[in-house]
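Please open the structure in your viewer and keep the selection tool at hand.

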Amino acid sequence: MSSQHVTQNMLSIDVATSRNPATDELIATYAFQTADEVEGMLAGNNAAFRLWRATPMSKRVEAYRRLSAILRERSENLAGIITAEMGKTLAAARAEVEKCAATIDWIASNGPAILADEPVSVENDDQVHVSYLPIGSILAVMPWNFPLWQVIRASGPIMLSGNGFILKHAPNVMGSAYALQDAYESAGFPKGLFANLIADNETVAKVIEDDRIAAVTLTGSMRAGSAVSAIAGKALKKSLLELGGSDAFIVLADANIDLAVKAGVEARFQNAGQVCLAAKRFILEKPIAEEFTQKFIAAVRLLKVGDPLDPQNRIGPMARKDLRDELHHQVERTLAAGATLLLGGNKISGPGNFYEPTVLGEVGPGMAAFDEETFGPVAAITVADDVEHAIELANTSDYGLGGNLWTSDVSRAQRIARRLETGGVFINGFSATNARIPVGGVKKSGYGRELSHFGLREFTNAQAVWAKQVD
């Protein structure tokens with residue numbers, strides 16, 4: 001995610017505060033856990049892990065089936081919590097809950113086979129197999145922008161393999177964190193197996209160093225990832241990092257422009273632009289640049305901004321005022337560097353953290369909106385001379401999470417995809433996640449993979465077992 005939102009996730013503050021970003025109203029505060037409470041949580045999670053790893057896979061799957069049913073039963077309540085805490089439209093929040101339930105269903109149906117002992121053929125008569133075994137309690141530092149989905153896509157695979165899960169969630173979405181903990185416990189998972197940690201940076205560092213923590217996963221900024229991975233590395237512990245992106249949305253001259261515009265608007269402005277795996281830099285081949293730009297601006301003008309509970313509105317508030325301030329500063333710095341303002345570019349006055357849907361033109365390397373992750377409703381447009389220039393511009397980024405490529409020649413697109421320095425490429429579509437497909441980045445977008453068989457095995461001990469037949 002962005003440097004803005006996970007910097008807040010890792011800041012030292014007295015309490016975790018949840019505040020409605022549409023109204024500025026205080027929802028709740030959550031006191032940081034004391035040293036004794038943290039110790040009790042760690043001991044409880046470790047004990048629950050030892051019980052859970054001895055639980056037959058069939059029993060684990062039954063708990064997963066109950067969990068997906070509970071998520072659907074509580075959909076309206078969970079969606080309401082998401083919208084109240086971080087400003088996502090209610091329709092999008094409901095979709096997030098359903099995506100979580102569907103992912104748990106997929107894990108329950110496919111996980112056991114992926115985690116089953118895998119036979120290996122060798123040259124002699126030895127019997128060899130690889131077992132995928134749990135490694136212990138996993139600490140997860142998670143962001144606010146998908147307060148349920150980010151946690152489910154981490155905890156689902158991690159826990160099915162038999163591990164414990166400790167969540168350090170973003171301070172502004174602790175209601176979501178506790179709602180998930182209750183869902184897991186209501187589904188019959190051992191009490192303490194899914195645990196919440198509310199703490200400052202110093203305590204988080206001590207938890208990572210604790211011998212009862214086997215590994216850590218973080219979705220956040222480069223800064224947070226660097227800090228967490230350094231602590232984990234010093235303690236000789238595995239880490240998985242997803243550190244956001246500045247995905248290119250490349251439109252070539254032979255693309256279906258109308259479809260590309262429609263997809264581009266959704267890709268950039270969903271969740272008020274607060275998505276890591278999402279189009280941010282629109283790189284247009286010169287022959288179609290003007291047509292795409294004009295149609296894109298016209299479509300963005302139609303987006304309604306306002307109360308996320310109103311189904312007429314497509315864009316809700318940004319999650320926090322400091323995030324809106326940082327985004328606006330990026331826009332100002334980009335314009336000062338020579339870009340042009342094509343639409344928007346202002347904070348919306350009144351209560352709440354609303355920002356105008358914004359389109360910037362003539363953006364290039366060296367400008368904030370090109371070099372940095374813009375985590376809000378801002379699209380940056382860059383014109384490429386030709387296909388080779390478009391590829392060069394797309395790869396001119398510290399990030400490498402995802403990319404989008406629009407062209408009528410899919411075979412050529414597949415060849416181009418191999419040259420894009422990203423963890424994923426979406427041809428004639430826009431970035432998305434699916435339980436069946438791995439997600440993760442390269443370069444400074446992080447390392448490791450979530451979801452699919454990669455995610456299910458990411459935090460396991462791939463134990464090789466050799467057996468010789470003895471007469």
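**The interface between the two domains**

Across the interface of domain 1 and domain 2, one salt bridge is found, a salt bridge being a side-chain nitrogen of Lys or Arg within 4 Å of a carboxyl oxygen of Asp or Glu. The model is predicted: local features need pLDDT of at least 70, side-chain atom pairs count only at pLDDT 80 or more, and totals for chains, interfaces and linings use all residues. Residues are numbered from 1 along each chain as its sequence is written, and side-chain values use heavy atoms, with hydrogens and water left out.

Select Asp24 and Lys321: they form a salt bridge in which the closest N and O atoms are 2.8 Å apart.

Next, colour domain 1 (15–243 + 446–465) and domain 2 (247–435) separately; these bounds come from an automatic or database domain assignment. The centres of the two domains, taken over C-alpha atoms, are separated by 30 Å. In domain 1, 25 residues are in contact with 28 residues of domain 2, contact meaning heavy atoms within 4.5 Å. About 2,000 Å² is buried between domain 1 and domain 2, with carbon and sulfur atoms giving 59%; buried area is the accessible area (1.4 Å probe) that two parts lose on being put together, summed over both. Now select Pro21, Ala22 and Trp144, the residues of domain 1 that lose the most area to domain 2, together 24% of what that side buries.

**Salt bridges elsewhere**

By the same rule, the count comes to 27 salt bridges. Select Arg212 and Glu39, whose side chains meet in a salt bridge (2.8 Å, N to O). Arg212 lies in the loop between helix H8 (201–209) and S8, and Glu39 in helix H2 (residues 35–53), so the pair ties together parts that are 173 residues apart in sequence; helices (H or I, at least four residues) and strands (E, at least two) are DSSP runs, numbered from the N terminus.

Are Glu96 and Lys88 buried or exposed? Glu96 counts as buried at 4% relative accessibility, and Lys88 is buried with a relative accessible area of 3%; buried means under 20% relative accessible area, exposed over 50%, and partly exposed in between (1.4 Å probe, protein chains only). Glu96 and Lys88 form a salt bridge, their closest N and O atoms being 3.3 Å apart.

Finally, select Lys286 and Asp385, whose side chains meet in a salt bridge (3.3 Å, N to O). Asp385 counts as partly exposed, at 49% relative accessibility.
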